[in-house]
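Welcome, and take a moment to turn the model around before reading on. The paragraphs below will walk you through it, one place at a time.

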Amino acid sequence: MRRRSPVPPSPLPQRNGIDPVRLRLPQGAAWATVRDHLVERLAAEAEVIDGMLDAGLIVDADGRAVPRDMAYVPGMFVWFHRELPSEVPVPFTLDVVYRDEHIVVIDKPHFLATTPRGSHVTETALARLRRELGLPSLGAAHRLDRLTAGLVLFTVQPAERGAYQSLFRDRLIAKGYEAIARYDPALALPRTMRSRIVKERGVMAAREVAGEPNAVSDVELLEQRDDGLARYRLKPRTGQTHQLRVHMTALGVPILGDPLYPVVTGPVAAGDFRRPLQLLARVLDFTDPVTGREHRFVSPRVLQAWSSYEEWAG
């Protein structure tokens, strides 16, 4: 069996905290030139690829510009930066809760994606932190939904990222969430929700289906108010997409500000940061797999519908 050659380091620096695109030319292909392959692979107009090549924007492992007539070489790597669309800035700060030579823990605001994905690229927690902290090698150990606020763990050393990611994969980290929803006096709490949740590609909302449970959440009432609202503590034992949001909806108390559950609402205009989802990743509790240190981080954030419902709903 032929061994794959190691991936060489990128000859291009990050741009705005975003890594360049890296492509490896596949083996056993019959394109005459690198240019021909890129036109087909990137589904781009030939003029676009030609323009990038002529401007020296596509480079090889040594950082040399790839010319239009370079012969196709199976296994070759090329790099380039994508042209990114303009994004509406998310007007909330990123608060660094903890930082050492191994990890960075932040308190993420609502509406900011954790990592680049889809239309959210430079306006993400990862890209912002790389720029603001001067840590180009920073990586995310896990992800938090764009609409959810709270604690997120990032890793400083790429070689250590797998150790921290395994905390989440192997359920060695205790996560605690808080949510604001309607109070139902007939709802018996605390309780443990168990169900099977599926999330289909291209479908915005996840759903519960019959079958062996793959999603388990503990739900506890923390506090209730005369205005009909309540504060809940949520502890996911598993990590299915939108698990807590689905389970709260199944209990008949969907989280305030949820645009997907129980009903998918229309798209919100870019720049509309009103009525954030009232879900907060409050606690991260774990033993550091690299240092052995015991960590417990708690977000001081107060959900807006609880502190000022009128302001949140306005």
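Phe111 counts as buried because its relative accessibility is 10%, where buried means under 20% relative accessible area, exposed over 50% and partly exposed in between, computed with a 1.4 Å probe on protein chains only. Phe111 lies in the loop between β4 and α3, and its phi is near 75 degrees, a positive value in a residue other than glycine. Helices here are DSSP runs of H or I with at least four residues, strands are runs of E with at least two, and both are numbered from the N terminus. Ala43 also has a positive phi, of about 50 degrees, although it is not a glycine. Ala43 sits in the loop between α1 and α2 and is exposed, with a relative accessible area of 70%.

A word on what you are looking at: this is a predicted model, in which local features need pLDDT of at least 70 and side-chain atom pairs count only at pLDDT 80 or more, while totals for chains, interfaces and linings use all residues. Residues are numbered from 1 along each chain as its sequence is written, and side-chain values use heavy atoms, with hydrogens and water left out.

Now step back to the whole protein. It has seven helices and 13 strands, and its C-alpha trace spans about 75 × 45 × 40 Å along the principal axes. Of its 314 residues, 43% count as buried.

Let us return to the two helices on either side of Ala43. The axes of α1 (residues 34-41) and α2 (residues 46-54) come within 9 Å and cross at roughly 130 degrees; axes are lines fitted to C-alpha atoms, for helices over the stretch in contact, and angles run from 0 to 180 degrees between N-to-C directions. The pair is therefore oblique, a word for angles left over when those under 35 degrees count as roughly parallel, over 145 as roughly antiparallel and 65 to 115 as roughly perpendicular. Arg35, Leu38 and Val39 of α1 meet Ala46, Ile49, Asp50 and Leu53 of α2, contact meaning heavy atoms within 4.5 Å.

Where do the buried residues of α3 pack? They lie against β3 (95-99), β4 (103-108), β5 (139-140) and β6 (149-155). In α3 (residues 125-133), the buried residues are Ala125, Leu126, Ala127, Arg128, Leu129 and Arg130. After α3 comes Gly134, with a positive phi near 65 degrees.

Next, look for the largest nonpolar core, which has 34 residues. A nonpolar core is a set of buried Ala, Val, Leu, Ile, Met, Phe, Trp, Tyr and Cys residues joined through side-chain atoms within 4.5 Å. Ile106, Leu138, Phe154, Tyr232, Leu234, Met248 and Leu279 touch the most other members. Elements giving two or more residues to this core include β4, α3 and β6. Apart from it lies another core, of 14 residues, among them Val34, Val39, Leu53 and Tyr72.

Finally, find Arg245 in helix α5. Is Arg245 buried or exposed? At 3% relative accessibility, it counts as buried. Leaving aside neighbours within four places in sequence, its contacts include Asp145, Leu147, Asp258 and Tyr261. The peptide bond from Tyr261 to Pro262 is cis, with omega near 5 degrees, and Pro262 lies in the loop between α5 and β12. Another cis peptide bond runs from Leu189 to Pro190, with omega near 0 degrees.
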